Amino acid sequence: MFTLAGILAERVREAELYERIDGARVRCFACGHCCPIPEGQAGVCKVRFNRTGKLFAPWGYVACAQCDPIEKKPFFHVRPGSSAFSFGMLGCDLHCPYCQNWETSQVIRDPQSQAMPLEATPRGLVERALRSGASAVISTYNEPLITAEWAASVFREAKAEGLMTGFVSNGNATPRVLEYLRPCTDLFKVDLKGFEDAGYRRLGARLEPVLDSIRRIHAMGFWLEVVTLVVPGCNDSSDELSRMAEFLVGISPAIPWHLTAFYPDYKMAENAATPVETLLRAARIGVASGLRYVYAGNRPGACGELEDTRCHACGTTLIRRLGFRILENRLGPDGRCPQCTVVLPGVF
């Protein structure tokens with residue numbers, strides 16, 4: 001009988017992001033766990049494994065691929081109103097109980113998931129992106145860091161065709177994987193899931209590698225936007241939200257911060273959804289901390305102007321949104337405010 005693990009074990013290539021250590025063990029550098037992996041074993045992600053003293057990584061498949069509004073990623077400061085061809089694979093290095101993509105991210109850990117790999121090639125994916133009229137190719141849905149070699153192969157094809165490329169990631173990266181991705185990757189959306197190490201450990205990670213990665217991603221010149229899923233009882237205290245905002249301001253007040261609503265799902269299906277007032281409070285904290293672009297999402301029409309983009313210099317509304325739809329875009333082609341000519345930070 002075929003098992004999913006057995007099927008995935010055949011859809012691999014030797015990884016690039018690793019080194020051999022003592023004996024037959026290898027150390028993986030795809031994510032912040034930096035797993036030392038013995039012969040015959042897999043890393044925390046369950047999809048990168050040691051076979052005969054070599055590390056093998058996922059290759060040659062996707063779990064899903066489709067065209068989305070780029071605002072759905074969410075990138076609000078990247079070619080508003082354009083489309084992003086999005087693809088995902090299987091597996092994750094975290095195990096968040098509220099994961100909204102658990103069918104693909106937790107497939108190895110959770111037998112309730114029925115996701116299966118679909119054969120794909122980098123060229124084939126890019127051709128689909130071109131036919132769909134997308135302006136960007138985005139690795140998303142599961143955690144793309146653990147399939148970085150595959151994403152890079154797709155991105156090189158995409159860049160050759162003039163497309164932008166990006167990661168939608170939990171940010172549990174390493175300096176080595178970021179350096180590996182930088183030549184072929186333009187955009188990085190990072191989930192900042194909280195500001196308590198204990199909270200991150202419950203999700204299967206540590207806080208500091210994520211904070212270090214956010215600093216590095218910005219310093220290395222990727223276009224960066226940060227998302228916090230505001231989960232009642234987990235990370236919604238004013239103190240924790242303030243510390244997240246202050247951390248981002250310390251890197252750059254121009255980093256867009258998206259505050260999104262939790263909806264009951266996966267292992268937290270009995271929990272209450274995030275109230276609108278909580279999102280509004282979080283947004284007020286972000287603005288008071290000095291962030292110039294604070295957004296509240298997942299509640300279309302309920303958060304007023306917090307879906308819109310305004311010029312930080314003169315306050316003019318530049319982009320009006322409802323959910324993922326652009327209602328009005330007053331930006332010039334160079335990203336300038338038509339009122340005061342200040343350039344909006346982003347990729348336009």
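## A tour of the helices, core and sheet

Select helix α3 (residues 122–131) and α4: they pack at an angle of about 50 degrees, with their axes 9 Å apart. Helices (H or I, at least four residues) and strands (E, at least two) are DSSP runs, numbered from the N terminus. Axes are lines fitted to C-alpha atoms, for helices over the stretch in contact, and angles run from 0 to 180 degrees between N-to-C directions.

This is a predicted model, where local features need pLDDT of at least 70 and side-chain atom pairs count only at pLDDT 80 or more, while totals for chains, interfaces and linings use all residues. Residues are numbered from 1 along each chain as its sequence is written, and side-chain values use heavy atoms, with hydrogens and water left out.

Stay with the pair. α3 and α4 are oblique to each other, because angles under 35 degrees count as roughly parallel, over 145 as roughly antiparallel, 65 to 115 as roughly perpendicular and the rest as oblique. Now show the side chains. From α3, the contact uses Pro122, Arg123, Leu125 and Val126. From α4, Trp150, Ser153, Val154, Glu157 and Ala158 take part. Contact means heavy atoms within 4.5 Å.

Next, the core. Select Phe87, Leu125, Val137, Trp150, Phe188 and Trp257: of the 84 residues in the largest nonpolar core, these touch the most other members. Helix α4 (residues 148–160) gives this core its largest share, seven residues. A nonpolar core is a set of buried Ala, Val, Leu, Ile, Met, Phe, Trp, Tyr and Cys residues joined through side-chain atoms within 4.5 Å. Buried means under 20% relative accessible area, exposed over 50%, partly exposed in between (1.4 Å probe, protein chains only).

Go to threonine 165, in strand β12 (residues 164–169). Threonine 165 counts as buried because its relative accessibility is 0%. Among the residues that threonine 165 touches are Val137, Ile138, Phe155 and Ala158, not counting residues up to four places away in sequence.

Now pick isoleucine 214, in helix α7 (residues 207–219). Isoleucine 214 is also at 0% relative accessibility, so it counts as buried.

Last stop: an open sheet of three strands, in the order β17-β18-β19, with antiparallel pairing. Strands β17 (309–310) and β19 (325–329) are the edges, each pairing on one side only. Two strands pair if DSSP finds at least two bridges between them. Four bridges join β18 (residues 317–322) to β19. Finish on arginine 320, whose bridge partner in β19 is glutamate 328.
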